[in-house]
Amino acid sequence: MSRRNELIARLGAILPRESLIVDEVARRAYECDAFTMYRALPLVVTLPESVEQVRAIMALAAEMNVKVVPRGAGTSLSGGSMPLEDGILLGMSKFNRILEIDYENRCARVQPGVQNLAISKAVEAQGFYYAPDPSSQIACSIGGNVAENAGGVHCLKYGLTTNNILGLDVVLMGGDLIRLGGKHLDSEGYDLIGLMTGSEGLLGVVTEVTVRLLQRPPVARGLLLGFASVAAGARCVSAIIARGVIPAGLEMMDKATIHAVERFQPCGYPLDAQALVIVELDGTQAEVDHLVGVVQDIAREEGATTIRASTSEAERLQFWAGRKNAFPAVSCIAPDYLCMDGTIPRARLPEALAGMDRLAKEQGLSVANVFHAGDGNLHPLILYDASKEGDVERAEKLGFDILRLCVSLGGVLTGEHGVGVEKRDLMGEMFTEVDLAQQMRLKCAFDPEGRLNPGKVFPTLHRCAELGMMRVSGGKMPFPHLPRF
Amino acid sequence: MQSACATLEIRDEADAVDAICAAKAKGDCCAIVGGGSKSGLGRYAPQAQALSTVALTGVTLYEPNELVLSARAGVPLSEIEALLDQHGQQLAFEPMDYGLLFRAEAGGATIGGAIAVNAAGPRRIKAGAARDHLLGFRCVTGRGEQVKSGGRVMKNVTGYDLSKLVCGSYGTLALLTELTLKVLPKPQTECTLLAIGAHEAESLALLRRATATPCEPSALAMLPAGAAPLALNANAAAIRLEGPAISVTARRDDLVGRLARGGLRFETLDEYDSKTLWRGLRDAAPVAAKVGQVWRMSVAPSEGFAVVERIRRAGAPMLAHFYDWAGGLIWLCLETAPDAYAAVVRSAVDASGGHATLIRASEEVRATVDVFHPQPAALTALTRRVKNSFDPAHILERGRMRAEF
């Protein structure tokens, strides 16, 4: 019996027939996530529905020395759940229940396959919501959000996934189940919840998440601000924050995106503007009205060419409609686009955009930009045509160049999409060998044989034993100042 | 420093590398000391020498418009807070000052120490703890290696989020050298609404009701009758509202309307009195002044009262207690005992879920009683592997968190 057949037979003893996908055509559905440039056919797909099944699969994988790739809703933009041809794909889609809503303690216990938006929907009648709202929130799962530390347009004020979860149940490679945190704040001992969040499925498989619920503010109002230059728009964003206002949302888009959006779904964006800033303020009526006045004053001082404040909920939603449709709108002006995800210090935005223009010209491509301006998270959309010879390679090269630019401006490679397979070869741009070795040693602490989602995040794979021996210290000998006889 | 031992001043990362490598060669272990305000915190485990970070001085970056500040680890917290204050900003996690608990006076803490213990204050429920504000750091690990993680931008998922891990690691993983923090605007003003006269459990229920309103309280505490610094003759629920003046007043009025009922009296503390109150509660003033052992417990807010009742019913002699975080944080002072009533306290907490830390007790007691909440075997094993990944020879703060490492 081949090893694959043996594996399938033993998985068959753990899982019911419908939870085990062996057939090649059916496996094809799992060959990539939302980062579609890279694909691989998984060895076998498992869709467990109980924690015991997950533990048994992880124990079997350890015993048979088989790799495992966990997968949520498959919306990763960095290939975080791209399968391995010699690995089990562990789909968590059947973990789709909200287990408990505890209004008194303002939290909910949910299974990892629950959609992000489904949590807010389940509690909205009581006036609550779950704050992180990535653009993919109608599809992405909370387990995937934990793996990637997902953000969204509201994270300047309300934080990322890591700031909004209280507890995690995690199955480690080998099958051990650990409980971290709960309904209380700050887990005991090392903050392993914080470490797990954003670990891209390399450390453990999340089987339950306790999320914080927030009270929805009674009022929210939006402002549309148009500017004659990107620099003026960026200055306005800084001025708002400098004045002590932390908006619930603070977004910016460039001219290319404004025009794409208006063609896709007209929502009254000013076509003469080089940059558009969308501001959302929330809170009590008195506070929001006061802050709308403050922001209008700042916009005037910064020379805004368009200033509109929403006077109804419908108008506020209209302001957002264009931003929310920015990606599909851009896909109508080019056959293909590649969505990048760098972060820069906000004040460097004009430089970043000018640099990006130059880099795009070098490749003969163009870039449309949407920008979570409040927290410096930039999403350049590289427009290309996959049917054109060499365009895919040029787009990829441009993407790498843009991310290097972000790092050189004091930023980072990824703000919210994760490193995955997409950016792993760029990790050396940000980190030294010593930095990376320390991160990989943590991986070893959770998964010494490197069976869980290998090939993601880190450019090179080291055996854990090698990492234990490494004694690099900025290229220096160990103990350089010790006397040696 | 937990007892008299040689202190080595660390002036830069190279010094830290040398000191840690030298200790490793000798098999010695090292304490890491900033201002010394938290030297009584953690298990009592004498170290061969102390590495002092006070010479790691200087704010290295502060861009108010970018909401970011970097400082070396030995910078006094008070210096950072004063600098931020000049620009109308603050560390929103409201780091607690342990000085009041340990030496009857506040002050002396460094930013490195605040991060190392994952400091938090009353605003924890709204703005988070130190872990939620550390964007990046530089350190020297127990391997003697210079490592950095994170960055200076708000959103960053490039590699593992080691910032979370070092917050609350009590120096057991690495000697922090430089921290980069998210800073936030100070609210324009604040006031505190006191709801006086309800039973303890009712007062706590009232706090939870306040959290389920759109009034956005930034802190919610419950002080039993007589508790410092208010020393009222009845129980009080204290609710802090912060923001623009126009909004604070509107929300206070709204809150009174929502919470009012028979037998309850409302009072409002103005900005000055409100600040004084929360500074006291942040630093555990109601239990700090009592002579006894002090416990800090984190539980689900709705369980706070039940946990205290279990401890009371088990006969542990309670001297003072109060609740913060809408009931989720309990500070308790018990009469001194060799076992610090650890079994009573921990079983009371375990019945609800959460953890209890023995904050103040003598060296003898902290050498024998688990200071941090015991963990299940699989988690202890994982914790040890995480420790080993940074510090395989257990050079840094050996025994400070767990007896075994």
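Housekeeping: residues are numbered from 1 along each chain as its sequence is written, and chains are lettered from A and ligands numbered from 1 in the order in which they are written. The model is predicted, with local features needing pLDDT of at least 70, side-chain atom pairs counting only at pLDDT 80 or more, and totals for chains, interfaces and linings using all residues.

Domain 2 of chain A puts 17 residues into the contact and domain 3 of chain A puts in 14 (contact: C-beta atoms, placed from the backbone, within 7 Å).

Next, the chains. I find 77 residues of chain A in contact with 73 of chain B. On the chain A side, helix 16 (433-446) of chain A gives the most, with eight residues (helices are DSSP runs of H or I, at least four residues, numbered from the N terminus).

Then I checked how helix 16 of chain A meets helix 14 (residues 377-390) of chain B: the axes come within 9 Å and cross at roughly 160° (axes are lines fitted to C-alpha atoms over the stretch in contact, and angles run from 0 to 180 degrees between N-to-C directions). The two helices are therefore roughly antiparallel (angles over 145 degrees). Among the residues making this contact I note A:Arg441 and A:Leu442 from helix 16 of chain A, and B:Leu382 and B:Arg385 from helix 14 of chain B.

Conventions:
Two residues are in contact if their C-beta atoms, placed from the backbone, lie within 7 Å. Angles under 35 degrees count as roughly parallel, over 145 as roughly antiparallel, 65 to 115 as roughly perpendicular and the rest as oblique.
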